[in-house]
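This report goes through the contacts, the core and the chain interface in turn. The sequence and structure come first.

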Amino acid sequence: MISLLSAKENAGRDVTEQPTLFRDLYLDQIMERVTEDWGPEVRTLFYALPKSQAEETYRRAIYGDIKKDEIYDALMEFEMSMRIWKQYGQHRERSLEELQKQVWHLREAQAYVTSLECLKEKLEKAKPSSQGLKALLEWIVGWTDRKEYRDFRAEVLSLWQELSGFRVMLTYERERFTIAEGKGTGKYDQFLSDCFPTHEKVFKSPFLGSEDFSNLEEELVRLFRKKHKDFFERLGHFDQRKFNCVPEEHKRLLTEAGYYLSYAKFQRKMEEEGFLFCAPKVSDCLSAKGVYDLALALTNLEKRQTVISNDAYLAPDESFFVLTGPNQGGKTTYARSLGQLVYFTKMGLDVPAEFAEVPYYQNLWTHFSVEESVETGRGKLLDELVRLKPMMQKGQTNCFVVINELFTTAANYDANVMGKRVLEYFIGEHCKGIYVTHLADLSKACEGVVSLRAGVDANLVQTYQIERSEAKELAGANRQVEKYRLTYEQLKERFA
Amino acid sequence: MNVGLLYDYKEWTPVKPYFDWGSMTADLGLDTLFWAARQDSVLQGSRVVCSEHEDSYVGFAMKRVMCIPLKTQEEVQYRQEVLKDCLAHEEFVGKLYRLASKVLEDWDRLGRKRNNTGIRDTKAELITDLQVFRLLVSGMEQVKELLSKDGKEMHSRGFRELFDRVGKEFSDDVQIRLEKILMDLSFYVDVTIHQPKRNVFYSYSPRIQMECGLEDGLKIGSLKLESMETIEKPYSNPYGVKAKLQGQVNSLTPGVIALYKDQAMREDAEQLEYEAVNYVYSCCSSIVASFGRFFDQLRFQTAFYLGAINIKYQMQRYKTEWCFPEVGGQESLSFTDLKEVVMTMKQKGNTIGNDGKLDGEAMVIVTGANQGGKSTFLRSIGIAQVMMQCGLMVPAKRYRSGLFPNFFTHFTRREDSAMNSGRLDEELRRMDQIVSNLGEDSLLLLNESFASTTEKEGSAIAYDIIKALKEEGVRIITVTHLLSFAQRVYEEKQSGVAFLSAQRLSDGTRTYKILPHAPEMTSFGLELYDEILSSDK
């Protein structure tokens, strides 16, 4: 049995509940958009992180393939036709008349056969290079080469040809319908498209809303059954055999392809809007240029605003960023964007950055302050500690940890001591990460800590730029003119 | 279809207005211009007579157009050319405007303003849409007729291209086709029984032919329309003997489904009929929508020119000479007999005009006696600039200036004096906003700015800000009482700075003329004080 998520076992299906890091990193908002056309089945695949480095590489190779236009188009086309195929199946289930069920069944089979064939042809031409997609293609080829499939296909296509050949001319005058078999010339349609060359309207049947036959359709079907007894007999035979045309395994593979396709589609859309993505490279130390918060990018996109992007670099002997700076200065956003960087890297997908090198981390942990929970009844501090506990279990080494504002309710001194111990613990376990805090002292807590600051310009206005710098307390006085940045020097700076 | 009387390459859209148009309107008193635009005026002999009628839509259009500045000389010339054409053929413009208004009013009556969600589900709405379709097509026919009859004498590019466009996009061919479609669908709208002669009755009846398949679960699918026509048939009572006999014949004929007495089948038929008509209509809907937009734009754009004609009459009424301004380079600013037209209209009398030759002067500082006409002078430039930048004529014998799409006014708000402590703050806040929105080709009019603090402080603030702005290439005209500021600039003898002053004769009389003059340390306010107080005595 092959899977597109892992070379070994059926992975990615063991987590059905949204993990905490989803809410902390705003991945829930992002995934909402990514999977909006795919639904919860695909969405849950994003919940579980791959368990090994091999799995990450396996996924990255597949995603690398899927980003290519030919493969993306082929799979997208197949995805779209399979959605229509699903609708046919729903029609079949809802139909009341046996005869109608048979016709829908035929339609379903025909849709599957043609789109599978089309996919096979296109994939063969595109020659995927990843292990996963190669296996997929092999599987398709093997399946379509079997004799029972070939026989089935021949029967479906011949029946289909006959059915779609039936045409009826219907003339309506106020007091009567006149029915005749045969084809028309589409004269008025032609006239309309001559008049309005750009129109794309279709003449819809008013009876499509319901599965049941309308009176008119009942009458038509009655006339037809009389005339084409032979066809309906053959259709009956075909239906009785109930050949399982789409095996379960195939449906699963389709969902798994949705994991890549949904993200690839989303990425394409964002790239059109000017946001950059890149495939992360594996290396020894974290280094990224132009990292931004994808969730913020989505909200700003609606408001037609750009997002600020930042760089990140951790040298081999450095472990933890400690980020301080003014309120509303983009601290949390930066922490979140690093978390997202690691998350998407681990998932084998492209990351929201201009350029990124990310080492392999065993796991990704996030700890964001939340509102006091009424449910648990715990105080905030206790709640924070409880949530910290699983992150400090045995075996959680070489992880990436994103911590946002710990111990804000504790006294300053306590908070400093506890914060320091948390940092020391993680650094001791060879974890890397980022710690956002108000406590300036933590930036010198221990070896391996890198102090970052959210920047302000000369007028104490937030720049949202994160840079390496000593933590410091805020100061500054405003005079009226300075407040509006209207002194000569300030103006010069504004114009520069 | 574009109307294109305002721009040659696009229709009017409300984008990139002046920054803070509200303040500009208030500072320059532009409401009076909108009032003038609304006054329907005619010439009787040499006298201008205003009719009782005020068309508020014309004022509205003037306001909307005026708040979006033109950006190039070509754009200004294009509009001026159209306006000249309109001034020469006032009646034609009026006709065109009234025709568009009439069509739009009829449309409103058919229920245009109803909630248009884009989903039509009832027969009644489809019938309304078809009526609108008919209305707009007949409106287009009238426009075409009017253009071909009276429009021959219009020579501006705007009008010429409009004629060509209408002739091309609503060609006879298109017209015939649309009329055919309307005719084919008329059975759906026109359900009355006609009586051409005594005892002869006719009604419209459809004949729709379509082709379909059954591949979608044996339901009617892949429909194609073969024919659609409206047939005039002698009317027969559907419950009469004749109809009954015909119904029986039908039900016995193979391949025919009689609808007589079969209620359920008749409902199906009605749905199918609706869908077919809706399909044909939806093919036309985009052209109908484009006609709708055409009339909206036509009404709006002709309203602007009508407003311009009315403004011209008001100027004529108050003996204000006007001219079409020339667009010069960014450094140019010169004018002869420039008048403040808003004040003229308000005071219903002639005002003093000013001459100016300020080419190359990046900064103009106006000082001088109180009540000497400084603010009036500043406003007259502002108003003329706004009028020029929307393609209108200006109240001067000659006016030449560059185009400044980034045009700002910063006037003291005297009405705010109650909240004295916050006033400087408010002024600085407005200045901050202006600075944030400066761009290329900026023009800033300052009237008594920073007078809400001490002279010394105000001068320092003004000096700093104005110096930085000037270095940034912003053109500044400022009226000021901050004499230490003016003196300081004067002593620096910078190039590109002009000093003007309200003229005051040696006996203290004010002529309201603004002339080149070095700044003096007094604004002769004391004299005014004496004057007022002595008259009290």
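The model is predicted, so local features need pLDDT of at least 70 and side-chain atom pairs count only at pLDDT 80 or more, while totals for chains, interfaces and linings use all residues. Residues are numbered from 1 along each chain as its sequence is written, and chains are lettered from A, and ligands numbered from 1, in the order in which they are written.

## Nonpolar core

Y435(A) is also among the residues with the most contacts inside the largest nonpolar core, together with L323(A), L341(A) and A276(B), and this core has 252 residues. Such a core is a set of buried Ala, Val, Leu, Ile, Met, Phe, Trp, Tyr and Cys residues joined through C-beta atoms within 7 Å, buried meaning that 20 or more other C-beta atoms lie within 10 Å of a residue's own. Helix 11 of chain B gives the most to this core, with 23 residues; helices are DSSP runs of H or I with at least four residues, and strands are runs of E with at least two, numbered from the N terminus.

## Interface between the chains

In all, 63 residues of chain B are in contact with 61 residues of chain A. Helix 11 of chain B supplies the largest share of the chain B side, 17 residues.

Strand 2 of chain A (residues 176–181) pairs with strand 6 of chain B in the antiparallel sense over 3 bridges, pairing requiring at least two DSSP bridges. Within strand 6, V256(B) is the bridge partner of T178(A).

Note on methods: Two residues are in contact if their C-beta atoms, placed from the backbone, lie within 7 Å. A residue is buried if 20 or more other C-beta atoms lie within 10 Å of its own, exposed if 12 or fewer, and partly exposed in between; C-beta atoms are placed from the backbone.
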